[in-house]
Amino acid sequence: MPYTDNRLILLTNTWPFDSGENFLTEEAEYLSGRFSCVEVFPLYSTTGKKRDVPNNFNVHNPAVKKELKNKGALLFQGIFSTAPLLFALKEFFTEKAYRPGRLWNFFTALLTFRASYPTLKRFDVSSSDMVYSYWGDKWALSLPFIKEATDCVTMARFHGSDLYEKAKGGYIPFRKRLFKTIDKIFTISGNGASYIKLRYGDFIRGELTVARLGVKGCEQNPTEISEALSIVSCSNAIPLKRLDLIAEALQKADFSIQWTHIGSGPTLEKISAMVESMPKNVTVSLLGQVNNAEVKRVYASQHFDLFINVSTTEGVPVSIMEALAAGIPVIATNVGGTGEIVDSNVGELINVKTSADDLLNILRKYYADRDKLQKLRSNAVLRWNNLCNSDKNYSKFISQI
């Protein structure tokens, strides 16, 4: 779609602050060419360190003064707010949010909304603007109020943890209210669109569209084969990523294997402890948190036989897209929309209930058949180009908004 004079208000978790939401950096290039001005309102920041943005992006201070995990600060800002409450009381009873499994999610979502609510005045929204929440939770809770105040176009993307209730203990607050008012709903997978239709089809007022994420092409992963099977994972070290499952499998390995993990988080300390008891035939390298450019450098300089992802829930992982783009075959759990880009042509889709022993047997199979891996590498790049090419996907997305 050609450039317009419309203004976009972009709501993010932290981007362009901190190191998260890397995939938004590339999408920003396409948004820059579509709108005269993009006003960016991050929800919070942990470091205050800002990345470069396009020239027509205006980045505002985070709405919440401290990290969301700072419960004291969130409670203070959430209580001392002029934000509405009646809608929340209705949700509390009609959706039975008082149940033990729902109560925490309800109050966290409500406090986050109330803490960020004063920032809505800084949006200065007009009817010609578009308001785009990059996630389907947190900031998205403000979209119904923005819509009530101004007849602008509102839209949101839905990924994985902000879409599938399973990722949030079975309940994401204020979902029906959101779907009743939002103009454009974008999911990053067909599975996500089907999920919304099945659970919330009666409440959807706007357009529901699949708009896939994507990554740029990159330098190919070296093809030389070493004695050890070389695997790589790239994710936050959090419980749902189950890095401990990989570590447990490798503790039992009876063949030569190398594991490189990229990413940090609260479970990394546990993984580090497990690494200490690995057999001599297993080598582990925990690289910690690195930026996206460094991830690509690692893929371009070090041979990997397989990329591995054993999450319990996902949208469509950008980390898998990056591995495919580099020509690395993928083993991944069949959750969310992962099965839309991973199959036997590019690797293997495994059951989410796969045990450590099962995972080890899968790895042993690939260790014994390196020729099969070579055939999968070229297929991986083709899959990236067909389904995960950012230029194709973001150009289509821009035409849809």
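The model is a predicted one, in which local features need pLDDT of at least 70 and side-chain atom pairs count only at pLDDT 80 or more, while totals for chains, interfaces and linings use all residues. Residues are numbered from 1 along each chain as its sequence is written, and side-chain values use heavy atoms, with hydrogens and water left out.

The largest nonpolar core has 52 residues; a nonpolar core here is a set of buried Ala, Val, Leu, Ile, Met, Phe, Trp, Tyr and Cys residues joined through side-chain atoms within 4.5 Å. Buried stands for under 20% relative accessible area, exposed for over 50%, and partly exposed for what lies in between, using a 1.4 Å probe and protein chains only. Leu31, Tyr299, Phe307, Leu324 and Ile401 have the most contacts inside this core, and helix 12 gives the most to it, with 6 residues. Apart from it lies another core, of 44 residues, which includes Phe87, Ala97, Val125 and Trp139.

Helices (H or I, at least four residues) and strands (E, at least two) are DSSP runs, numbered from the N terminus. Helix 12 covers residues 318-325, and 8 of its 8 residues are buried. The buried residues run from Val318, Ser319, Ile320 and Met321 to Glu322, Ala323, Leu324 and Ala325. Among the elements that cover them are helix 1, strand 8, helix 11, strand 11, strand 12 (330-333) and helix 14 (370-388). Just after helix 12, Gly327 takes a positive phi of about 85 degrees.

Contact means heavy atoms within 4.5 Å. With neighbours within four places in sequence left aside, Tyr299 is in contact with Glu322, Ala323, Ala326 and Ile328, and also with residues including Gln220, Pro222, Val232, Cys234, Ile262 and Phe307. Arg383, placed in helix 14, counts as buried at 14% relative accessibility. On the same terms, the contacts of Arg383 include Leu324, Ile341, Val342, Asp343 and Cys388. Arg383 and Lys280 are 103 residues apart in sequence and 36 Å apart in space, C-alpha to C-alpha.

The empty spaces come next. Rolling a probe the size of a water molecule over the atoms shows where empty space is left. On a 1 Å grid over the protein atoms alone, a cavity is a set of points where a 1.4 Å probe fits but cannot get out, a pocket is an open set with protein on both sides within 12 Å along at least five of seven lines, and lining residues have an atom within 4 Å of a point. Grid points are joined across faces, edges and corners, and a volume is the space filled by probe spheres set on the points.

The second largest pocket holds about 460 Å³ of space. Of the 21 residues that line this pocket, Asn22, Thr25, Arg51, Asn292 and Ala293 are the closest to its centre. Helix 1 (22-34), helix 11 (292-301) and helix 12 each supply at least two lining residues, and helix 1 gives the most, with 5. The lining divides into 4 nonpolar, 7 polar and 10 charged residues, where Ala, Val, Leu, Ile, Met, Phe, Trp, Tyr, Cys and Pro count as nonpolar, Asp, Glu, Lys and Arg as charged, and the others, Gly among them, as polar.

The structure also holds 2 cavities of 30 Å³ or more. The largest has a volume of about 60 Å³, and its lining includes Cys234, Lys241, Leu243, Phe307 and Asn309. Strand 11 provides the largest share of that lining, 3 residues. The second largest cavity, of about 30 Å³, is lined by Phe87, Leu141, Pro144, Phe174, Arg177 and Leu178; this lining divides into 5 nonpolar, no polar and 1 charged.

Finally, Arg7 sits in strand 1 (residues 7-12) and is buried, with a relative accessible area of 18%. The side chain of Arg7 makes polar contacts (pairs of N or O atoms within 3.5 Å; within protein, one must be able to donate a hydrogen and the other to accept it, and residues adjacent in sequence count only if both atoms are side-chain atoms). One of these reaches the backbone oxygen of Phe123 at 2.9 Å, and another the backbone oxygen of Asp124 at 2.9 Å.
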